[in-house]
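Notebook open, coordinates loaded. I'm jotting down what I look up as I go, starting with the aromatic rings.

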Amino acid sequence: MKMDLTQTQTNLMINAGMSLIGFIVCFNILPKFKEMFIRVNLFGIDMSKQTKYKVPEAQGVICGAVFLVIMFLFLPVPFYRHLADGNARFPHHEYIEYLAALLSVCCMVFLGFADDVLNLKWRHKLFLPTMATLPLLMVYFVNFNLTVIVVPKPLRMYCGNLVDLGILYYVYMGMLAVFCTNAINILSGVNGLECGQSLVIALSVLTFNLIELSGDSHAAHEFSIYFMLPYIAVCTALLYYNWYPSEVFVGDTFCYFSGMTFAVVAILGHFSKTMLLFFIPQVANFIYSVPQVFKFVPCPRHRLPKYDSKLDKVGMSYTKFKSTDLNPIGRLIIKVFRTFRVLEVIESDEFVECNNMTLINLLLMYLGPLHERTLVIILLTIQVLCSGVAFFIRYQLAKVFY
């Protein structure tokens, strides 16, 4: 056990060192690629600024590429003892897990960049992560095929201690990948938010892994740390340039890359339920966004907060539509949301106007117009506080139910 602990520490130190190099590389090359992206028309205009200069898009592809290079170079490290000792039994199942995880992340970096270039439709955003998860699910099926969940204490008299979900468990894991990929994407629109929330989640996952590293699932959490350290490194470098006032836009590539990285470690690290706890703001934002995401209420292509150039602040953005365009479900949703005071609705003779249903607009509804940097700091503070709630649920409240 002592030898294994020493080996683990050595591997983690090598991984941390390579991650530091990855941060330095990413930090230095991001500015050098800006003009290249602008020359091929991969740029956007920051709508929340008085100066309308060109900002390079899809910079998440650079971070994804640096991350993958780090992971490819690190690949022999956890297995070098087995490679050096011809008599040792090589852990093929662990090696295949590592490769499948990298394949899924690599697929999502590619598909995310394709989305940034081709501007894919929403149905593709749901379909592609599912396809990219298939190698991961196949490896899970071959290596583990554990589909049993522990039933909470209040329900055990009805369901027993354990329930085998069978194929539904694989459906759940596939949906987890789709959710993680898109949840970060729909909670966005202000400088630093995509990177910031992803970095907080990654640091929360890393903290959880370190706490559990001495437990029964040592190998699974060690595997997760191997992915989290390089991810945190490249994410931090990108956040520096994406922070207000942003010099680069991360693009859908970063959201796809981040979501799949989190899904990979959650599935193969066997802590998918805990991972969802770190996504509390994203879950809340998704639930609030459901009426527009699924077209019960008209949804504009962009739901960015509205910029006021006179005040240099951002406020709520609105969607405007004819009252006759709403189906009965849409009318019911607006009525319920309005009753609970989570939606501002302006009605006229023919048109209805309501704020876009995002956590950003909901916050602006209660706090009023804010400077963009202040808004992001508040949102990231909420993210940190929710991580604290997640740890409380995981280590204290869970004792009541399990």
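This is a predicted model: local features need pLDDT of at least 70, side-chain atom pairs count only at pLDDT 80 or more; totals for chains, interfaces and linings use all residues.

Which residue has its ring stacked with that of Tyr395? I get Phe391: the ring centres are 6.4 Å apart and the planes sit at 5°, so I call the pair stacked. The cut-offs behind that call are centres within 6.5 Å and planes under 30 degrees apart. Phe391 and Tyr395 both belong to helix α16 (residues 372-401), and being 4 residues apart there, they are separated by about one helical turn.

**Aromatic tally.** I count 31 aromatic pairs. One aromatic cluster takes in Phe67, Tyr98, Phe179, Phe223, Phe227, Tyr231, Phe254, Phe257, Phe262, Phe279 and Phe286.

**Cores.** The largest nonpolar core holds 81 residues, and the members touching the most others are Phe67, Phe227, Phe262 and Phe279. The elements that give two or more residues to this core are α1 (2-29), α3 (60-74), α5 (92-118), α6 (122-143), α8 (167-186), α9 (193-212), α10 (218-242) and α11 (251-268). Which element gives the largest share of this core? It is α10, with 13 residues.

Another core lies apart from the largest one; it has 28 residues, including Tyr307, Val314, Phe321 and Leu359.

**Helix α8.** I checked the length of α8: at 1.5 Å a residue, its 20 residues should span 28 Å, and the end C-alpha atoms are 28 Å apart, so the two agree. As for cover, 15 of the 20 residues of α8 are buried.

**The annotated stretch.** I looked up residues 318-356 in UniProt, where an unreviewed entry lists "domain: DPAGT1 insertion". In the model, this stretch, 318-356, is 31% helix and 33% strand, and its end C-alpha atoms are 5 Å apart.

As a reminder, most residues other than glycine have a negative phi, and most peptide bonds are trans. My exceptions are these:

- The peptide bond from Tyr244 to Pro245 is cis, with omega near -10°; Pro245 is in the loop between α10 and α11.
- Asp312 has a positive phi, near 55°. I find Asp312 in the loop between β5 (306-308) and β6 (313-315), partly exposed at 27% relative accessible area.
- Arg341 shows a positive phi too, about 60°. Arg341 is in the loop between α14 (328-339) and β8 (345-347). Is Arg341 buried or exposed? With a relative accessible area of 63%, I log Arg341 as exposed.

Technical notes:
Residues are numbered from 1 along each chain as its sequence is written. Side-chain values use heavy atoms; hydrogens and water are left out. A nonpolar core is a set of buried Ala, Val, Leu, Ile, Met, Phe, Trp, Tyr and Cys residues joined through side-chain atoms within 4.5 Å. Buried means under 20% relative accessible area, exposed over 50%, partly exposed in between (1.4 Å probe, protein chains only). The expected span of a helix is 1.5 Å times one less than its number of residues. Rings of Phe, Tyr and Trp (its six-membered ring) pair if their centres lie within 6.5 Å; planes under 30 degrees apart count as stacked, over 60 as edge-to-face and the rest as tilted. UniProt positions are given in the numbering used here, feature names are shortened, and annotations may be inferred rather than shown by experiment.
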